[in-house]
Amino acid sequence: MQAPAIGGVQAPRGNGKAIRLPQGASLTDFAEKIGANPAALVQIMMHLGEMVTATQSVSEDTLKILGEELDFDVHVVSPEDEDRELLESFDIEYGEDEGGEDHLQVRPPVVTVMGHVDHGKTRLLDAIRNANVVAGEAGGITQHIGAYQVQTEVDGQERKITFIDTPGHEAFTAMRARGADTTDLVVLVVAADDGVKPQTTEAIDHATAAGVPIVVAVNKIDKEGADPQRVRAQLTEYGLVAEEFGGQTLFVDVSAKQGLNIDSLLESIVLTADAELDLKANPDMPAQGVAIEAHLDKGRGSVATVLVQRGTLNVGDSIVCGVAHGRVRALLDENYNPVERAEPSRPVQVLGLTAVPGAGDTFLVVEDDRVARQIADKRTARKRNAELLKSRPKHTLEELFDDLKRGERQELLLIIKGDVSGSVEALEDSLLKIDVGDEVNLRVIRRGVGAITQDDVNLSLASEGAVIIGFNVRPERNAQVLADREGVDIRYYSVIYQAIEEVEAALKGMLKPEFEEVQLGTAEVREIFKVPRIGNISGSMVLSGTINRNSKARLVRDGVVVADNLTVSSLRRFKDDATEVREGFECGIGVGYNDLKLGDVIETFEMREKPRD
Ligand code: GDP
């Protein structure tokens, strides 16, 4: 490799050699890859017009520009690719069943319940769970752990179904956004007395986009005015055609309240899964899957509900889940009963993790604790880098210039902490949907479960004033003290929509006010008087509205503006000063403009702030 000088700086050249760098890498990382001095790269970037420090995370563009300059072919690796590579370096493949066809066994379908608000999703999930208590643990206390499994008999065979216990499409899409396709089948709940509503069709769209089959539960058939046939007719428009109308979709009339036809709903789920899906997994491998919900429990530490997707999870396994790791101390089912193992599609609570994973984080069982820790540590470091990159203040001149041209784009940075990961994801999702136009941006630079910590406050400070949102959580004492001292804004909520309302208000507050012109009045020039030291005054007739002293004015001649930016500097009725003259009255108007002609029209107006809607 030669070492030519770039702007007087010595650096190795790549001659087109390919190098791979993670998103959010720093110049030090770059330097390490090519055996250069980080300080030299800093100087080169300076020559290229960008000020960055050696250890600071830089953007993908910066890495590429630097690569081009030094003749390296830079590939910036996405977090997913990077994670795959990380696991590969431990000889682990995530997301594939080991072995061939003959290792695969049928697994239960995983179901999410969706539908319009108040159509009975929660009640239906309760009804299904309760109906099954008889079959399962008599008298068992059923807990909400994020998912549960029930049994049902179909054609003389015991079959299982797993239900995700967070209804609605927010959780569903939040998980999908993170690449965790947990749901095999959607139960669409439509109230028979209300019919198809906006969120019904949204749910259909989400299920269709995910390529997931739908079973329709026509609910509340016990109610007066219930019209299950109308629901069937309405849904044909959305491609859900009932069997009796010649279609493929199973419709089941149920009453969640009275526990009516719950069995046939379960049967329809199994039949649809059998007909449309080939749900199989290899139970004989180290378990892999996804975290559905997680929280910090005072007594038990991190408690995560995971869904096993392949393999079997055992007590004593070494496990990594997102940035959390640990050895499985205990597995609990939805009745809080300890279980020894969990097979594919089985949701269980895992005790023993060192930290709280996020909803949608994948988990996998590895050889031993050491490997688990190494993977978790690497992920933590990467997450930290990514956060720093996100909170990075703007540096390049171009960016600054762009901002100026655009009238300075504003950005609201948020750090979200919540009690359970499900609510954090749901809140983030809803907040990101707030739309107040292009001028203002919202960016979440950190999300997590648990109390607000000193580190959160520090991140807020490092990012020049990110607002911290606590959803059902409080700050640790030191964190509060630090926040008070440094003036960091921490806000507490326990209801999602309140958080949304306030954040939306904050975003609107960041918008520069928009003004619109409101016309106040017009007056015609009928005579022109010359007044010493003041100039020409027009003897006018107010044609419309009012003319006010000191208001803004322009002069219009034959429909053309001949002078703008004028001000009504003198206004008189006969010999007296006036502040306002109304339509139909004569007055003398001085606008500080001498070239007046008879027949000119003086228009007055004011700029009013436009309300944002
Ligand atoms: P979600 O918003 O879809 O989760 O709806 P909920 O499960 O909270 O139910 C909304 C309301 O409808 C509650 O008052 C329920 O008691 C009621 N409800 C749910 N299912 C039925 C049913 O089958 N029959 C009747 N009469 N009411 C129901």
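How many salt bridges does the count come to? A salt bridge is taken here as a side-chain nitrogen of Lys or Arg within 4 Å of a carboxyl oxygen of Asp or Glu, and by this rule the count comes to 35. The structure is a predicted model, in which local features need pLDDT of at least 70 and side-chain atom pairs count only at pLDDT 80 or more, while totals for chains, interfaces and linings use all residues. Residues are numbered from 1 along each chain as its sequence is written, and side-chain values use heavy atoms, with hydrogens and water left out.

One of the salt bridges joins Arg232 and Glu244, with an N to O distance of 2.8 Å. Arg232 belongs to helix H8 (residues 228-236), whereas Glu244 is in the loop between H8 and strand S11 (251-253), twelve residues apart. Helices (H or I, at least four residues) and strands (E, at least two) are DSSP runs, numbered from the N terminus. Arg232 is buried, at a relative accessible area of 4%; buried means under 20%, exposed over 50%, and partly exposed in between (1.4 Å probe, protein chains only).

Strand S28 (residues 552-557) contains Arg554, which forms a salt bridge with Asp564 at 3.3 Å, N to O. Because Asp564 lies in strand S29 (residues 560-567), the pair ties together parts that are ten residues apart in sequence. Arg554 is buried, at 12%, and Asp564 is partly exposed, at 41%.

Arg557, also in strand S28, pairs with Asp595 in the loop between strand S33 (586-590) and strand S34 (601-609), 38 residues apart. The closest N and O atoms of this salt bridge are 4.0 Å apart. Arg557 counts as buried, at 17% relative accessibility, and Asp595 as partly exposed, at 37%. Elsewhere, salt bridges that share partners join Glu82, Asp83, Arg379 and Arg382 into one network.
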